[in-house]
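Visitor: I would like to learn how to read a protein model, one feature at a time. Please show me.

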Amino acid sequence: LLKKQIPTVVALIILFIGAGAGVVLVGNGAGFLPRAGPEYTPKQVQVTNVSDRSFTVSWITDEPTTGFVRYGNTTSLSSTIADDRDQLSGQNANFRVHHVTVRGLNPSTKYYFKIGSGASSSLYNQGQPYEVTTGTTLSSPQDSETTYGKVVTSAQTPAEGSIIYIKMEGAAPLSTLVKSSGSWAVSLSKARNQALTSYLNYDKDNARINIEVFGANGQRSVGITNTTNDQPVPTITLGENFDFIKAQP
């Protein structure tokens with residue numbers, strides 16, 4: 001009888017230890033179940049294109065998967081929006097680089113959001129939702145200046161689906177997706193200051209533009225140009241870094 005009881009006691013001890021560990025994980029905000037696997041965990045999360053009515057959330061995953069953003073002006077997060085490409089096609093597709101634009105928001109309002117990546121898994125930021133506050137309403141910009149260019153792979157094919165990040169001194173960051181042709185364009189005239197209270201006042205001839213590209217093939221490029229050499233920016237090849245300011249004659 002004693003021999004039969006010992007395994008039962010050991011099993012109960014293991015059960016209680018396991019249950020206790022589960023309570024600690026939940027209590028520390030370890031996240032929701034089912035969790036995204038490592039290959040679907042969002043990386044390089046960035047918030048860009050913040051205006052009075054919208055903002056963009058972008059991230060990268062190691063493997064192609066679906067992605068969405070759940071958001072709201074309270075932590076209840078009552079609304080869900082799909083990837084920009086899914087919004088256009090009306091179907092959910094798998095991507096390695098994800099770009100989700102939330103629209104129809106109120107000015108000067110704090111919003112909360114979390115990222116969904118891989119099946120229905122949802123991830124918080126260290127146990128809490130991410131936060132972003134929209135800017136004030138501004139009149140239309142007086143000027144109309146756009147930086148644009150093309151991104152190709154090492155095989156010189158269009159790098160469709162890559163993300164372009166545009167960052168200038170004193171400006172809130174901007175981003176866009178590379179189209180099927182390899183082309184991209186970002187409106188500098190709509191760039192706001194970091195406080196989002198006015199359009200950026202920058203040198204139209206010599207302002208430095210930092211460009212970062214994340215490709216759907218996992219490659220990355222970084223470099224610089226300026227407003228003298230941004231219409232177009234010379235072609236960017238994924239996996240290569242560049243300095244188009246030095247390249248100017």
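**Reading the model**

Guide: Start with a charge over a ring: arginine 85 lies over the face of phenylalanine 95, at 3.7 Å from the ring centre. The rule asks for NZ of Lys or CZ of Arg within 6 Å of the ring centre and within 35 degrees of the ring normal. Lysine 204 is listed too: its charged end sits over the ring of tyrosine 202, 4.3 Å from the centre.

Visitor: Where do these values come from?

Guide: This is a predicted model, where local features need pLDDT of at least 70, side-chain atom pairs count only at pLDDT 80 or more, and totals for chains, interfaces and linings use all residues. Residues are numbered from 1 along each chain as its sequence is written, and side-chain values use heavy atoms, with hydrogens and water left out.

Visitor: How do I read a sheet? What is the strand order in the open sheet of 3 strands?

Guide: First, the terms. Strands (E, at least two residues) and helices (H or I, at least four) are DSSP runs, numbered from the N terminus. Two strands pair if DSSP finds at least two bridges between them. Here the order is β1-β2-β5, and the pairing is antiparallel.

Visitor: Which strands stand at the edges?

Guide: β1 (43-48) and β5 (95-102) do. Each has a single partner strand, so one side of each is left without a neighbour in the sheet. On average, neighbouring strands of this sheet are turned by 20 degrees against each other, direction ignored. The axes behind that angle are lines fitted to C-alpha atoms. In general, such angles run from 0 to 180 degrees between N-to-C directions.

Visitor: How many bridges join β2 to β5?

Guide: There are 7, and β2 covers residues 55-65. One example is phenylalanine 55, whose bridge partner in β5 is valine 102.

Visitor: Now a single residue. Is histidine 98 buried or exposed?

Guide: Buried means under 20% relative accessible area, exposed over 50%, and partly exposed in between (1.4 Å probe, protein chains only). Histidine 98 is in strand β5. Its relative accessibility is 0%, so histidine 98 counts as buried.

Visitor: Which side chain makes a polar contact with that of histidine 98?

Guide: A polar contact is a pair of N or O atoms within 3.5 Å. Within protein, one must be able to donate a hydrogen and the other to accept it, and residues adjacent in sequence count only if both atoms are side-chain atoms. The side chain of threonine 61 is the partner, at 3.0 Å. A polar atom of the histidine 98 side chain also lies 2.9 Å from the backbone oxygen of phenylalanine 95.

Visitor: And what does plain contact mean?

Guide: Contact means heavy atoms within 4.5 Å. Leaving aside neighbours within four places in sequence, histidine 98 is in contact with residues including Trp59, Asp83, Arg85 and Ile163.

Visitor: How many aromatic pairs are there in the whole structure?

Guide: A search finds 4. Rings of Phe, Tyr and Trp (its six-membered ring) pair if their centres lie within 6.5 Å; planes under 30 degrees apart count as stacked, over 60 as edge-to-face and the rest as tilted. Phenylalanine 113 and tyrosine 130 are stacked, 5.1 Å centre to centre with 10 degrees between the planes. This pair links distant parts of the chain, from strand β6 (residues 110-117) to strand β8 (residues 130-133). Phenylalanine 113 is buried, at 0% relative accessible area.

Visitor: Why is the pair of tyrosine 165 and phenylalanine 214 edge-to-face?

Guide: Because the planes stand at 80 degrees, with the ring centres 6.0 Å apart. Tyrosine 165 is in strand β10 (residues 163-167) and phenylalanine 214 in strand β13 (residues 208-214), 49 residues apart. Tyrosine 165 is buried at 1%, and phenylalanine 214 is buried at 8%.

Visitor: What should I look for in the backbone?

Guide: Most residues other than glycine have a negative phi, and most peptide bonds are trans. Asparagine 49, in the loop between β1 and β2, has a positive phi of about 55 degrees. Glutamine 156 has a positive phi of about 65 degrees and is exposed at 51%.

Visitor: Which peptide bond is cis?

Guide: The bond from glutamine 231 to proline 232, with omega near 5 degrees. Proline 232 is in the loop between β14 (220-226) and β15 (236-237).
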